[in-house]
Amino acid sequence: MFERFTVQARDVVRGAVAARERLGHRNVGTEHLLLALLNGEKSPVAGLLNQAGVDAARVTEAIDRKVGRGTEEFGDRDAEALRSIGIDLSAVRSKLEESFGEGALEAPPARSARRGLLGGWDFSNRFSARAKKVLELALREAVQLRHREIGAEHILLGLLREGNGLAALVLTEAGVDLAELRRRTLDSFRTAA
């Protein structure tokens, strides 16, 4: 599938991985794809999103409110919330390591990555199920429109079609009508032709 991605679409995928790393999140989610779509200042997709009243700063702020940063592991807020219901996270970690050995809670080592169009990333471990679904839906959008390549616009259409991830929630809470944004995105193909 990735061989059909345009340079701009590959940049969106790379940008989503960079956003995930910058925010300290474990997986690339739909919210990271949205941030990457907003990243290209001259991008038609960023322009569509900006016209709808969405910008990277606003999306980042919403992600911070909903998810926080550095969610690779349980953070202080998580530990405090668990403590409030009688669960001592430190004791749970100690007991697990006592039972299963030191480092039992660490992620398994990454499989060796294959070199390819997107720099050898292992998408199976880094992308959430919803983000993978968005990329699959981007392919379906391109096929349905009879386009040979998958562009950033198709990723936006996939994101809108998926409609249940954090990106859709952030867009909806920002007052964006997802159906209207979809219509305007589809119109952008017609005006470009």
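**View 1. A salt bridge joins the side chains of E21 and R20, with 3.4 Å from N to O.** A salt bridge here is a side-chain nitrogen of Lys or Arg within 4 Å of a carboxyl oxygen of Asp or Glu. This is a predicted model, in which local features need pLDDT of at least 70 and side-chain atom pairs count only at pLDDT 80 or more, while totals for chains, interfaces and linings use all residues. Residues are numbered from 1 along each chain as its sequence is written, and side-chain values use heavy atoms, with hydrogens and water left out. Is R20 buried or exposed? R20 counts as buried because its relative accessibility is 7%, whereas E21, at 47%, counts as partly exposed. The cut-offs are under 20% relative accessible area for buried, over 50% for exposed, and in between for partly exposed (1.4 Å probe, protein chains only). Together with R126, the residues R20 and E21 are linked in a network of salt bridges. The structure holds 10 salt bridges.

View 2. Helices (H or I, at least four residues) and strands (E, at least two) are DSSP runs, numbered from the N terminus.

**View 3. Helix 8 (residues 129-144) packs against helix 9 (residues 152-162).** What angle do the two helices make? They pack at about 120 degrees, and their axes are 7 Å apart. Axes are lines fitted to C-alpha atoms, for helices over the stretch in contact, and angles run from 0 to 180 degrees between N-to-C directions. Helix 8 contributes residues including K133, L137 and R140 to the contact, and helix 9 contributes residues including I155, L159 and E162. Contact means heavy atoms within 4.5 Å.

**View 4. Helix 2 (residues 30-39) is largely enclosed by the rest of the structure, because nine of its 10 residues are buried.** The buried residues are T30, E31, H32, L33, L34, L35, A36, L37 and L38. What covers them? The cover includes helix 1 (7-23), helix 3 (44-51), helix 4 (56-66), helix 8, helix 9 and helix 10 (166-173).

**View 5. I85, I87 and V92 make a nonpolar surface patch of about 250 Å².** Patches are made of residues with over 30% relative accessible area and no salt bridge; like charges are joined within 9 Å, and nonpolar side chains (Val, Leu, Ile, Met, Phe, Trp, Tyr) within 5 Å. I87 lies in the loop between helix 5 (76-84) and helix 6 (89-100), and it counts as partly exposed because its relative accessibility is 33%.

**View 6. The whole chain has 11 helices and zero strands.** Of its 193 residues, 39% count as buried. Its accessible surface comes to about 11400 Å², of which 50% belongs to carbon and sulfur atoms. Accessible areas come from the Shrake-Rupley method with a 1.4 Å probe, and for residues only the protein chains shown count as cover. Among contacts with a separation of 6 or more, 63% come from residues 24 or more positions apart.
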